[in-house]
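Look at the model first, then follow the contacts in order.

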Amino acid sequence: MRAARIGVVVPVYNAAEYLPLCLDSIAAQSFAQFCCVLADDGSTDGSGDICDTYARRDPRFSVLHLQNGGAAAARAAGVRAISCEYIAFCDADDLLHPQFLQTLLHAAEQSGLPITCCRSDTFTDAPSLNAPAPETFTELEDPRHLEALLHDHRVDYSLCNKLYDANLMKPEYLDNGLTHNEDLLANWKAFCLAPGMAFCDFAGYHYRQHAASASHRSLTAKEIEDHRAAAAAILAQAPGSLRESAGAFYYEKLTYLVTRILRLPADAALDPVLRQLTEELRRGEHDPLQGGNPTLPRAVRIASRAAVHAPWLLRPVCRLLLHDRT
């Protein structure tokens, strides 16, 4: 693959319906000095042929045809194949703002920080109109960038609304053994090595919602365990100055997982998991790092106590009011 300033990695698995628009949005970037590796993760729907077509059409694109191993392994393979200064990620059914790369690169160069980030938005049939990208950015120095990763929904857990110094995002961070929330854990490891992050306040990444999106799939015990494991790893690795914040994040994650289960129709397969999570909430209810944490949001505190003491009341509330954060 040709060397480039920015390498864009796109894991592709059976995304033929949406892939051309995704790749068109990458090809149309105002910053043209990029290379893009399409990591075809054993697709069976013609996605691999689409990847090959774009690689023939545009020398900035190349293809890795892989055995199916999941998105995390595909991203890691893509990173290994790229020689560049910076790395960005895009999922095969999403779209980039035309100035996504240019804006985040400008922030990285001006700030000297190894991670830059923007907001994302969601769409179904058509993306939101691309608003003008800002020329300014906000610098979040350590530990504010870690706080933002854990608690600021504009920064979010995703890999796809960020640009990374290529020396920071290592393949082993990406392929970390998790199938769900692997992006959160990868970000945590990279953020811990960074002295801060620059935030660009615009919707530079357009996240497509459709029937196969993660937030619309049935919930499994494996997904719940991966979410809990990622939060537990963060709590275990948090430096002393961030212990309180990481503890609040962990307890909030437990509460979130309970509410995700409660908003679904009753599922006997998830009953043991629900009992385990509820018991962990109970044990941590008065822990000063968890349920007794002064930084825990009031809504989370109320929901966690309801989960422990009045789950019969919390279930209909969850079904009526709550939406998933993927």
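Contact means here that heavy atoms lie within 4.5 Å. The model is a predicted one.

Start with helix α1, which spans residues 19-27. Its buried residues are Leu 19, Cys 22, Leu 23, Ser 25 and Ile 26. Seen down the axis of α1, these buried residues fall within an arc of 155°, so they line one face of the helix. An α-helix has 3.6 residues a turn, so residues three or four places apart point the same way. What do the buried residues of α1 pack against? Their partners are the strands β1 (4-12), β2 (34-41), β3 (61-66) and β5 (95-96), together with helix α2 (47-57).

Take the partner α2 in more detail. The axes of α1 and α2 are 10 Å apart, and the two helices pack at an angle of about 25°. Angles under 35 degrees count as roughly parallel, and α1 is therefore roughly parallel to α2. The crossing of α1 past α2 is right-handed. On the α1 side, Leu 19, Pro 20, Leu 23 and Asp 24 take part, and they meet Ser 47, Ile 50, Cys 51 and Tyr 54 of α2. By class, the residues of this contact are 6 nonpolar, 1 polar and 1 charged.

Now turn to another helix pair, α11 (residues 298-309) and α12 (residues 311-321). Their axes are 6 Å apart and the packing angle is about 130°, which means that α11 is oblique to α12. Helix α11 contributes Ala 303, Ala 306, Ala 307, Val 308 and His 309 to the contact, while α12 contributes Pro 311, Trp 312 and Leu 314. These residues divide into 7 nonpolar and 1 polar, with no charged residue.

Terms used
Residues are numbered from 1 along each chain as its sequence is written. This is a predicted model: local features need pLDDT of at least 70, side-chain atom pairs count only at pLDDT 80 or more; totals for chains, interfaces and linings use all residues. Side-chain values use heavy atoms; hydrogens and water are left out. Buried means under 20% relative accessible area, exposed over 50%, partly exposed in between (1.4 Å probe, protein chains only). Helices (H or I, at least four residues) and strands (E, at least two) are DSSP runs, numbered from the N terminus. The arc is that of the directions from the helix axis to the C-beta atoms. Axes are lines fitted to C-alpha atoms, for helices over the stretch in contact, and angles run from 0 to 180 degrees between N-to-C directions. Angles under 35 degrees count as roughly parallel, over 145 as roughly antiparallel, 65 to 115 as roughly perpendicular and the rest as oblique. A crossing is left-handed if the near helix is turned anticlockwise from the far one by less than a right angle, and right-handed if clockwise. Ala, Val, Leu, Ile, Met, Phe, Trp, Tyr, Cys and Pro count as nonpolar, Asp, Glu, Lys and Arg as charged, and the others, Gly among them, as polar.
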